[in-house]
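Hi everyone, thanks for coming. Let's have a look at the structure together and walk through a couple of its parts.

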Amino acid sequence: MPRLFSAGGPTLTEHERRFGPLPTMGSQQLVTSLDQAGLTGRGGAGFPTGRKVAAVTGRKAVVIGNGAEGEPLSFKDAVLLSRAPHLVLDGLALAADAVGARNVYMYVPAQLVSHVEAALHDRRAAHRDRRRVIVVEAPDAFVAGEESAVIRRVEGGPALPRDRTVIAAVSGVRGRPTLVSNVETLAHVALVARHGPQWFRGIGDPVEPGTMLVTLSGAKIPGVVEVPTGTPLSDLLGTRAGELRAVLVGGYHGTWIPASAVENGARLSRSGLTSLGGSPGAGVVHALSASECGLARTADIVAYLADAGARQCGPCLNGLPRLAQLLGEIAYGRIDDALLHDTRRMIDQVEGRGSCRHPDGTARLIRSALDVFADDMASHRRGRCRALVPATAGSRPYAAEIK
Ligand SMILES: Cc1cc2nc3c(=O)[nH]c(=O)nc-3n(C[C@H](O)[C@H](O)[C@H](O)COP(=O)(O)O)c2cc1C
Ligand code: SF4
């Protein structure tokens with residue numbers, strides 16, 4: 001089954017031995033193939049890739065491979081770039097050809113810069129790329145991979161989101177039409193170009209087919225796996241009934257799913273999680289064991305998110321720090337009606353008010369916690385915590401647990 005991870009190793013020789021030469025494709029041909037394949041972005045939002053490529057029209061276009069991966073619970077892009085850099089670079093070259101790009105960039109964290117540069121060096125020596133690719137270092141920050149932050153960094157500015165009125169496809173890097181694609185998405189583009197849309201659709205959820213990379217963490221052994229979209233969460237986690245309290249899908253901007261839903265067959269795809277209010281995001285699955293306090297976990301994450309905001313807009317400046325404070329009181333203090341009322345009011349106040357989706361993502365996480373951990377809240381109301389690992393103020397935030 002492995003597709004992205006099916007080469008024997010990361011070198012150009014091993015890559016070409018496994019996948020063969022990269023076909024050349026006209027712009028319309030690539031867009032049609034991507035549309036027929038049903039490929040959606042693997043960077044979090046799940047937007048159809050063919051439509052994104054088709055939207056970039058105009059002169060001197062720019063293409064950026066986004067490997068920033070600022071999400072603390074995700075390391076699938078780092079693993080992909082380490083194991084299959086040439087698949088990503090093939091997808092980048094195809095996208096650049098399709099939009100007639102003048103400038104092409106790879107945006108990756110510091111620890112991957114030399115690895116990607118070495119792969120690009122090998123491709124230049126073998127005359128594989130028509131365009132020079134510039135590697136730009138992504139700072140290690142949660143918002144650094146947001147599309148407008150990526151564009152600002154590539155322009156030489158800070159990696160902070162920007163208030164946008166015009167989409168990047170029309171006006172991105174220095175006002176030029178710009179395509180920002182997640183590195184995993186680009187690797188799938190390279191596979192669609194080689195094997196065709198029907199092959200791509202041969203596996204996974206019919207609505208969003210193919211495979212996806214998933215970063216597992218928490219109560220399960222951390223690791224990155226490639227699975228068909230729509231895989232049951234219970235298969236992924238291999239857990240026994242009663243072992244887990246909940247699962248966080250989609251990362252820090254994601255949604256808590258109760259363990260009962262996992263046991264009842266919830267699947268990791270947009271359609272499989274819609275009824276639970278979730279989405280796979282960038283493929284993050286974090287398991288919370290039955291012995292841990294979900295409210296404490298959420299409070300730790302919200303504290304991290306409040307700190308990670310760029311504090312350029314009201315919700316980041318005031319709303320998220322206040323929400324972090326309220327969640328801290330819910331987890332580590334005693335819950336009463338006034339506290340819950342203030343929390344819900346503050347969630348309403350931050351939602352839809354930021355220039356980027358950071359406040360919305362944080363609000364979504366908190367809403368799901370208040371819903372899924374209702375029983376825990378009832379215990380905290382009585383001044384008790386049901387977890388064997390109870391909420392203790394100042395417990396270690398688990399942001400740095402994996403990376
Ligand atoms: C706060 C925030 C952080 C993000 N970080 C990343 C990231 O690290 N990597 C990424 O590919 N997309 C990230 N995104 C999504 C990007 O804005 C963008 O949608 C994505 O790179 C597009 O690629 P895709 O269409 O291939 O998914 C982030 C979005 C937000 C709101
Ligand atoms: S909402 Fe926060 S992270 Fe997003 S642009 Fe505004 S200040 Fe920056």
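Okay, so who sits around ligand 2? The residues are Pro161, Ala310, Arg311, Gln312, Cys313, Cys316, Gly354, Ser355, Cys356, His358 and Pro359. Keep in mind that this is a predicted model. If you sort that shell by type, you get six nonpolar residues, four polar and one charged. And the space that ligand 2 takes up is the second largest cavity.

Now, over to the sheet. It's an open one with five strands, and the order across it is E6-E5-E11-E8-E9, with mixed pairing. Why do E6 and E9 each have one side without a neighbour in the sheet? Well, strand E6, residues 223-228, and strand E9, residues 255-258, stand at the edges with a single partner strand each, so one side of each has no neighbour there. Going from one strand to the next, the twist averages 30°.

A quick reminder for anyone new to this: strands in a sheet pair through backbone hydrogen bonds, and they can be parallel or antiparallel. Here, E5, which covers residues 211-218, runs antiparallel to E6, and six bridges join the two. To find your place in that pair, look for Leu213, which stands opposite Glu226 in E6.

Helix H13, residues 294-308, lies across E8, E9 and E11, and runs at about 170° to E9. Helix H16, residues 358-372, lies across E8 and E9, and its angle to E9 is about 20°.

Definitions and conventions:
Residues numbered from 1 in each chain as written. Chains lettered and ligands numbered in written order. Predicted model: local features only at pLDDT ≥ 70, side-chain atom pairs only at ≥ 80, totals over all residues. Heavy atoms only, no water. Near = heavy atom within 4 Å. 1 Å grid on protein atoms, 1.4 Å probe; cavity = no way out; pocket = protein on both sides within 12 Å on 5 of 7 lines; lining within 4 Å. Sits in = over half its atoms within 2 Å of the grid points. Nonpolar A, V, L, I, M, F, W, Y, C, P; charged D, E, K, R; others polar. Pairing = 2+ DSSP bridges. Helix = DSSP H or I, 4+ residues; strand = E, 2+ residues; numbered from the N terminus. Axes fitted to C-alpha atoms, helices over the stretch in contact; angles between N-to-C directions. Contact = heavy atoms within 4.5 Å.
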